[in-house]
Amino acid sequence: MLKSVIVLSALVACAMGAAAPEGMLPQLDGRIVGGVSTTITAYPWQISLQRSGSHSCGGSVYSANIIVTAAHCLQSVSTSVLKVRAGSTYWNSGGVLVSVAAFKNHEGYNSRTMVNDIAVIRLSSSLTFGSTIKAIALTTNAPANGAAAVVSGWGTKASGSSSLPTTLQYVDVNIVSQSQCSSSAYGYGSEVKPTMICAYAAGKDSCQGDSGGPLVSGGKLVGVVSWGYGCAFPNYPGVYADVATLRSWVVATASSV
């Protein structure tokens, strides 16, 4: 309920032409509006992170037993209720369902400002790679402003909907660099921090994808779905954890979590 209230507050603020106050950044429940159904073979790094049997967030396969997701997806939760479904077009069936052995949020994650919104999960058993399960490489450099990108996930297909599509969705977007996204060209201003990158597509949802899910450009993971104001607001792109900036943390944590 709190998350819904935060989103509503942001929507009202945006409609009035004002920025929501710091500390009111709405974390995404995750939705792909204006997306297209696809299959897991097109996005074999995509996983469904599940709490007590229900889809809660997306994530990306980093290695056979490591998943990259958003830190805010793992707040106030224990490993005992978490599982990861990999290798399926559908979040609720198929593929493999694996328990979570451990996870670690970035030590610098801040739930008010959403900086460093990234986390690593270690699975209880290793995934078997094939056509439906593959790791995705982490980018070493942020893509150029305007570069083509894609977001995938099982989020709701309409703003305010509580119904999840069972079939994986994707939407094509374009990168908005951190410097552009925090400029006067868009509505976020200084709320877009150096650990963030944005993506946007006219006429499509401005907060695309599941929280924790992959933003991919050039065949590499460039972002992790983090936050945004409402849906389909022209001046409010989706905001993502910037993988290029946070890459060294992911690599180090993946070997120690």
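**Reading a predicted protein chain**

The protein chain has three helices and 13 strands. Helices (H or I, at least four residues) and strands (E, at least two) are DSSP runs, numbered from the N terminus.

User: What kind of model is this, and how are residues numbered?

Analyst: It is a predicted model: local features need pLDDT of at least 70, side-chain atom pairs count only at pLDDT 80 or more, and totals for chains, interfaces and linings use all residues. Residues are numbered from 1 along each chain as its sequence is written, and side-chain values use heavy atoms, with hydrogens and water left out.

User: What is the mean pLDDT of the chain?

Analyst: pLDDT is the predictor's confidence in each residue, from 0 to 100. Here the mean is 85, and 80% of residues reach 70 or more. Over residues 1–24, pLDDT stays under 50. Where pLDDT is low, the predicted coordinates should not be read in detail.

User: How do I read burial, and what percentage of the residues is buried?

Analyst: Buried means under 20% relative accessible area, exposed over 50%, partly exposed in between (1.4 Å probe, protein chains only). Of the 257 residues in this chain, 53% are buried.

User: Which residues touch the most other members of the largest nonpolar core?

Analyst: In soluble globular proteins, nonpolar side chains tend to be buried together. A nonpolar core is a set of buried Ala, Val, Leu, Ile, Met, Phe, Trp, Tyr and Cys residues joined through side-chain atoms within 4.5 Å. The largest one here has 59 residues, and Leu49, Leu74 and Tyr188 touch the most other members. Helix α3 (residues 243–254) gives the most to this core, with five residues. Apart from it lies another core of 13 residues, among them Ala147 and Val151.

User: What does Leu74 touch?

Analyst: Contact means heavy atoms within 4.5 Å. Not counting residues up to four places away in sequence, the partners of Leu74 include Leu49, Phe103 and Ile121.

User: How many disulfides are there?

Analyst: A disulfide is a pair of cysteine sulfur atoms within 2.5 Å. By this rule there are two. Cys57 and Cys73 form one, with their sulfur atoms 2.2 Å apart. Cys57 lies in strand β3 (residues 54–63) and Cys73 in the loop between β4 (66–69) and β5 (82–86), so the pair ties together parts 16 residues apart in sequence. Both Cys57 and Cys73 are buried.

User: Where do the cysteines of the pair Cys181 and Cys198 lie?

Analyst: Cys181 is in helix α2 (residues 178–181), and Cys198 is in strand β10 (residues 196–200). Their S to S distance is 2.1 Å. The torsion about the S-S bond is about -90 degrees, so this disulfide is left-handed.
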